[in-house]
Structures are given as structure tokens and as C-alpha cells.
Amino acid sequence: MNENPDIQAHQLLDNLSLYYGPKKKFVAICAGTGCRASGSLKVKEALEAELKKQNMNEVDVLATGCLGFCEKGPMVIVHPDKYFYQHVKVEDVPEIVSKTVAKGEIISRLVYRHPETQKTLYREEDLPFYKKQNRIVFGQNGMLDPSKIEAYFNIDGYQALAKVLSEMTPEDVINEVKKAGLRGRGGGGFPAAVKWEGVRRAHGEPKYVIANGDEGDPGAYMDRSLMEGNPHSVIEGMIIGAYAVGSNQGYIYVRNEYPLAVTHLTIALEAARQNGLLGKNILGTNFSFDIHINKGAGAFVCGESSALFASIEGRAGEPRAKYVHAVEKGLYDKPTVLNNVETWANVPLIINKGADWYASIGTEGSKGTKIFSLVGKINNTGLIEVPMGTTLYEIIYDMGGGIPNGRKFKAVQTGGPSGGCIPERLLDIPVDFDKLYEVGSMMGSGGMIVMDETSCMVDVARYFLEFLKEESCGKCVPCREGIRRMSDILEDICSGRGREGDIEILESMGAAIADGSLCALGGSAPNPVLSTIRYFREEYEAHIKEHRCPAGVCKALITYGIDAEKCTGCGVCVKVCATQAITGEKKKAHVIDKDKCTRCGACIQSCKFDAIKVK
Amino acid sequence: MEDIMVNMIIDGKNVSAPKGSMLLEAIRGAGISVPTLCAHEAVSRSGACRLCVVEIKKGNRTRIVTSCLYGVEEGLTVNTKSDRVLNVRRLVMELLLARCPESDLLQKMAKDMAVEPQARYAVDTDKGKCILCRSCVRVCEEVVGVSAIGLFSRGSYKEVGTPYNEKSDVCIGCGACVYVCPTGHIEMTSTGDKRKIWGRTFKMQACEKCGKFFAPVDQLKFISKKTGVPFKELTTCTECR
Amino acid sequence: MTNVTEIKQKTKQIIKKHKSNKSALIAVLQDIQEAFNYLPKEALKTASNMMKVPMSRVYEAATFYTAFSLKPRGKHIVKICKGTACHVRGAAILQDRFETTLGIKPGETTKDGKFSLETVNCVGACALGPVVVINTDYHGQVTINKVDKIIKKINNEEGAQQ
């Protein structure tokens, strides 16, 4: 039983026939939540059926986790050449199998076309979306069926754990992670090794190791895609961390809204146990560790460490007011390491490839890569992984493909409800922890919401405050009462009831709420308001002084009108109007009764002639 | 047992305080006043109202902390009246005045702190005088031990009460919650031999000696069960003992 | 309609599965919600008694987390994603449409018990925004037209079943 763990790990690998060798033909299809919603599972079934029908039984269909280029889903990648097909439908499958899989022929209608040069690019690595990325963590998704541990073994999975258990002491592990400069990827950016060291030295048993998968920032889904697509990377990281700090019990706290992640993590944990990688005497050593999954129940505040602990302890998720660090007294008042899912996923890489390699990527203060979600008014919506220090411009234009419908970039919100917006003139800042703070925002968990000229920045601030108002735990006065009062004022401004002096009141309240709140939810709540005031003050002033919404969004400040020259009198809008505000004769220009119109937008969405205008 | 003392500078004064004690006690011990609302000697500290904030400096770092829960530390510099501190306290009072416009205590405190109601906030009419300090819930849990009441929902919908707003089976009518409530929000009415609180009517026990109704029967039964003292030995009021 | 005895029995099973561990309260509530589509009072009382957690603590947890409903919910639970990406792509317009057509606001259920309307914060399918999830089905790039079609389809299915 006390065999060398290195030998045990190698035996595990030898016991499988190599899953996918370099020349092996297989078809990968993304089966992450996003692509499933576009019907990718049906395409997968069609592929399996078609391969069988055409007697190509040696070709596998690999249902992977999220591949990142969500805008183009369902996507299919034909190996070994890695031909990339986008927007694949069930009807395309027979041709894919008979032409591309069988003969290596490209089907041009399924291939990516560069929007400017019109050049067709058919290899994944040639697409501008992927070209500047460095997908050391996320790229593994493309080689994995997340429900099969063998696939993870095949890409050197658990080799890092074997190395740690056979060659390294806990202090060695901490030093390696320290040298690598790994900082937390959940928003705090705290040096992981310092946290681990704190727990290692703390008094108190048992010690706990937790993965924060409560990715609550709206628009951010990196952690979901990691938990769904590569659960073992997170698990392996946690086991290594547990060894380093002296913990035998771990938890993964997953948001309630991520059922597929829970399923894949559960399967992965069981497989790890069966292979001696979790549980008692891991890989034959006397190190024991196991992981329990806790599901969230719809509370954004549970992403905050002490609220998360409260939830695991079976209580309402209210943060703790006491000034005590989790490394001293965390879960059940015991020393606890809480790190984000993406942070854990970086650990096996650091052990496998070394701290020096890791530290060669990124900037002076922010090492390694970061996975960002690029969403909103952007052509290439999806998840990207870039070295720290990549500029916002490169992210939005080179990888994101710029703004759709010929519109103009206005701002990008980073850091979710705790962050701020960044205007165009700051787009060449390199993205890292410290630079984003300097301009009044933060990296947060990695969500990047892109906005164009049809987004109202006052409405954006109103939206975030509304969100935080609903998510506040309610314990402390500045957050519970302050946010709702700020929210009321924003609501007034967006409804034409803004008053002179409102901006100054918001600024003063913001400073006091930031200082007085008990936890970071309240502490950073004023950020979206303060940063939009900082960079878009004139928009606030237009709303307050002129009762005007320059972006044409705030319903109370706009009117809808029909352009008589474009209107064909087709009557489609009349049918969808819920308040019967549109009248007119057939084939003649129609009119909107401004008193009945609620600006719900139904008519604009259904008009095929672009005849309805916002004023 | 000798206390280890730590030395700090509070508002420019040298102050010593026993290790393990909180800044609030050290500051008050030095004769400097600090407003509080959610701290009560009968229960553990809440940290909910944020009124007792002070600005501390350790090395180069300054921070705003609640003095009720921040432990004294050697070499700490404390400012109890910095701009940031006064801003937070003013905001808290403005917000509470808008939430509980009928509370005499809040009005008096605001006056003492020279804080006026913020006209931009529309006053609430449905919150009574409850500031959600949690003292009532704590005393019921920590001292009485029945946890009859709680703080339900979250955010601005948070409110104190019994589950489902129904009569509580476990409440013993002791009125400890009324005693610790700083604003007098909790209603307890006594008429004759009845006491009504949290929607439940309790029969009161008359003192054997003076005949005054002094405690609910249920409370005495509870004490009897908890301590093992027979019920009939508990039917004398505290004055007559 | 499940009766009180059934509720108590099923709840006891759930609690036994979690070994009556106080820490498992949230997981117990999740299983109860899964079983009954909401949290019945009798189930919470049973949990309080068996797990030795004061009823006020159970109720605190039940009312704190928005995943839980204390009122029976409809057969088709419509969740509108209110994530930032969906918001900038016009999710508010869809919410209006659902509210107007179904006659309920988020957190409410139609009188015939067919639909419950809820909002949810980011389901992580941002490329398809605005997203609406109905039970376990994800609908992407939802427009007003699609909203009307979805409601019509479900009503027709219900009608056909009767």
C-alpha cells in the first residue's frame, strides 16, 4: 500500500490505451451549457448516428466542455487537422462525415469567414478570436470529455499530484506557487501562496480547503465552463493545496444556477475516488483528503468568503462582522483556504511546468493568464484566455471582432457589480490587477460587458444598483439602506425626476457607503455609479437638466415615432402592440399615439422596414 | 490574573487597554464618546449599525473599522472624528431617520450628532421603529435560549418577527426582547392577568405574597424545566423574595 | 395535492439521507423544494424538529435564499435572465411582455397554476442573450415574437392534455 505515488500514477496511465494519439481521427463538439442551448446535443447524436451509418466506427465523437467561441456555436472541430466549423446544424452532419471526416475536404459554408478580408480560415488556431489568446488553462477543454477521467489522464492529468506526493514537501509546494506569483482569480487578487502559508501556520484543526464556484457576477461564466468542461483540473489543484496546508476536508461551493457543473463535478469526484486520487491514502501515501459539493441557493453575497462559510454551515449567508481572517478562523472558525475555481485550475500547471515558466507569462505584478468573458455589444461573444498585460483594445477589437451593426464602442464594464466602466480613451491600458484599480475599476472575476452608443450609462448604473439592492444581505445599515436610497435616486434620474444636486449626493453617499459597509458587496457597490459619473457625467446632466436620454434607452425620456417615408403600412406592429397605441390604414403610413405608447419595444423588434424611430 | 496591556494613541492621547478588549471600551474608557445602537451589554456584538466606526492607522495603512468588534492592538493610532468617520456616522443617521421617522431615540441621537434628516430620502411608513440591530434576536437566542424570533428575508425586505408571522410555540413571553430593543419597536401590552407579545396572549402568574402579576406562567414553567427548580418555588416576584 | 402525512414522510426521508446534520440544512431545503416544487410549512416544521434547529433559524434560511419559494409554484417556471449581457440586449423588454401577457409579476404564479415568473441572475449562456429558461429548457436570442410563441405553445400543450 505504501508504493511510491509517482509509480502509482504512471501505472494508472499505462493501464489505459492512449485515448487520443496525434494521428487519431475524432470529432469534437462543444457540449457546454451555451452550445447545448443552441442544440449541440442533437448535433452530437446526429454525428454518432451518421458515423455508424457510414461504417466509420473507429472515429469517436468527443463531447467537450465550453470551447470559448460561444458566438459561433454549435461548433464542431474535426481532428487531427483541427478544422473548425461554426453554426453547425443537424442537416450539415452527413456532409461533415462524408466529406471532412472521411476525406479531409472542407465545406466552405460552415467555415469561419473574416468579416473584413472575407478570407476563409479553417483551422482553429488561425481564427483571430483564438490567435492572440494563450489558452494554457482553458485550452484543455478541447481535448476532454469532462465525464471521463481517462481523458484527463491522457493530457497528463494528476501527474502534478503524483510529483507533489512523491518529490515535494508541503513547504516546497508553497514555495513553488509563491515563486510563480499566482494571485487569486476571483476578484481579490490576493497572493495564493501567502494565504496557504497562513493556513499552514495557523492553529486549529481540522483545516479546510474550499473552491469558490459561486460565480455571481452577471455576464461572467468562466468558472462555470471550467467546472463543466475540466472539473479534474480544479480537483487536482485542491488536492495539491490541501497537501500543502495540511487539510483533509475540502468543499466546492457551486452556484445553484449551474446544474451541469454540479453533475460533472460529482462524476469527476467519484472517478477520482475510484482511482485512489481522493479519499484515504491518496496514491498510497498517508495523505487523505476528500471533497464535498455544496450548492448555492440564489444569493450573490455568498461569493463573499464569510457568507460562503455561513452557507456551508447551514445558515443564512450573512457575512461576519468580526475582524478575523479566514486563514485563522474560517469555516466552523477553523483555518481555511478559500480560492476561486480558476485559481485552483492553475495549480497543476505550475507544478507540472514550473514556477519559472508560469512567471514568464504576464506582467511584473500579475503573472500568468486570465480567462475573461467577453459579452454584450460585441461581435465575438465568448470566453478568452489571455496573458495578463494584454490591452483592452486587443481584447475588444482583435479577439472580440469589434462592435456589431456598425456601431461605435462606448464603454466596457469590468469587475461586474463591484467594478467600473472604462471609456474609449483608456482602451490601451494593459489588463492586470493593479492597472484596472488605477482607473477606478477592477478585474473582478473576469466579466467584460461591452457597450455601444445605444447603451445608456445612467441606466447601467441603475441596473447594477438594482441588482445589488436585491442581493444585499441586509445586515448593515450603509448597504441595506444606502444602496436602496442610491437606487431610488438613479430611478428618479432615469424617469425624468432627477434633481439638481443629485450627482453630488450620489458622490457623497458613495464614499460613506464604501467606507461604512460591513463587507465588499456594500463596500464596492458605489463603484459602477462613481465610475459612470467620472467618465460620463454629461449623460447624467442631460437626464437631470434636460430630461433627455442621449442613448435613447430610458423609457420615460424617449418617444417612439414612425418614419412616414419608410412605413409601408403592413400592420405588423399594430398586432404586437399591447396597448393598441398604433393606428393606420392598410398600406398607408401608421402613427403611434404617444400617450398610449409604453415604449416596450415590441414594434421596433417586429418592424422589417426600420420605420420606427426613438427620439 | 494579570492583564497584558497594549498602548495606543487615540485622538492624540496615550491610552492603555487590556489585550483582548475592544477599541470601543478603550475609547470610552479614555473619556471619548462614541455613538452606538446595536451594541448591548446583554448580548454578543453585532456590528450591524456601523455607527461606532473609527479610523485606525497601522504603519502606512488607514482603515475604517467598527470599534465594537476591533480588538485593541499595540501601536495602533485611532482617530474617532476624522472626516471619513463623521461621514459614515452622518450617513447612517440620515438613513435610519428616513427608515424610522417616528423614533424619538433616533431623533435625539441625530440632534446630538448635529445631523439633519436628508430631504432627498422619502421616509418609510412601514418599518415602525425597527433598525434591524438584531439585539432582540440575539437575546432570545443567547440568553433565553428559545430562538422564538428571527430576522427573515434579506436586504431591504429584512424584518424581525416570528416564523410565518404566526404565534410562536416556543416564546415564553419573558419580554427580554423588549428590554434590549433600543427604539422600543417591539409591542408588549399588559392588561390585568394577560400579556400580549408577538401575537400571542400569555396568562400571567400572580405573586403569592403581593398578588402583583409579574411573569407569564409559561416563562416560569420554562425556568422550572431548565433549572430543575419546582414550579411552586418560582411563584414569588423578585421584590417579595 | 400532497397531504400533510406524505409531506412529513418525504421530509423525514430527505433528512435521514443527510444524516440529520445541522450543517446540511440548505441541502435539505433544496431537496424539499425539489420534491414539492416549494417549501411546505409542514416540511419546515419536520426539519426543525428532526434536525434540532429552531424554527426561526429554518425560516431564516428559507426566506434568505431566493432559490426557495414558500408558496406553491406553477407547472412551468419561466426564468428570465437578468444578467448584464442579457440586460444590454434588451431583457427588460421581454420581462414586460411576460408580465403583461401572463398578468403576473416575478415571484408570482398565475391563478390557473400554469406559469410562475421569476428572474435569475446570469445563467452563463451570454452569447445567446437575451436568455429565458423554462423549467430546464434554455431559449436564446428571445424576441417579443418568441415570447408570444412560447406562451402560446405551452398553453396549447396544456389544452391538448386536458
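Among contacts in chain B between residues at least 6 apart in sequence, what percentage join residues at least 24 apart? In this predicted model, the share is 53%.

**Chain B overall**

- Chain B contains 6 helices and 11 strands, and 42% of its 241 residues count as buried.
- Taken along its principal axes, the C-alpha trace of chain B has spans of about 65 × 55 × 30 Å.

**An open sheet in chain B**

- An open sheet of 5 strands, with mixed pairing, is found in chain B, where the strand order reads β2-β1-β5-β3-β4.
- The edge positions are held by β2 (13-18) and β4 (61-66) of chain B, and because each of these has a single partner strand, one side of each is left without a neighbour in the sheet.
- On average, and with direction ignored, neighbouring strands of this sheet are turned by 35 degrees against each other.
- Strand β1 (residues 5-10) of chain B runs antiparallel to β2(B) and is joined to it by 6 bridges; within β2(B), the residue that stands opposite B:Asn7 is B:Ser16.
- Helix α2 (residues 83-99) of chain B packs on the sheet, where it touches β3 (53-58), β4 and β5 (77-79) of chain B, and the direction of this helix makes about 155 degrees with that of β3(B).

**Domains of chain C**

- The domain assignment divides chain C into domain 1, covering 4-64, and domain 2, covering 76-161.
- Between the C-alpha centres of domain 1 of chain C and domain 2 of chain C there is a distance of 29 Å.

**Contact between chain C and chain A**

- Chain C contributes 39 residues to its contact with chain A, and chain A contributes 46 residues.
- On the side of chain C that touches chain A, at least two residues each are supplied by α2 (25-36), α4 (55-64), α5 (84-88), α6 (91-102) and α7 (144-161) of chain C.
- Sorted by class, that side of chain C comprises 21 nonpolar, 13 polar and 5 charged residues.

Terms used: Residues numbered from 1 in each chain as written. Chains lettered and ligands numbered in written order. Predicted model: local features only at pLDDT ≥ 70, side-chain atom pairs only at ≥ 80, totals over all residues. Contact = placed C-beta atoms within 7 Å. Helix = DSSP H or I, 4+ residues; strand = E, 2+ residues; numbered from the N terminus. Nonpolar A, V, L, I, M, F, W, Y, C, P; charged D, E, K, R; others polar. Pairing = 2+ DSSP bridges. Axes fitted to C-alpha atoms, helices over the stretch in contact; angles between N-to-C directions. Buried ≥ 20, exposed ≤ 12 C-beta atoms within 10 Å, placed from the backbone. Domains from an automatic or database assignment.
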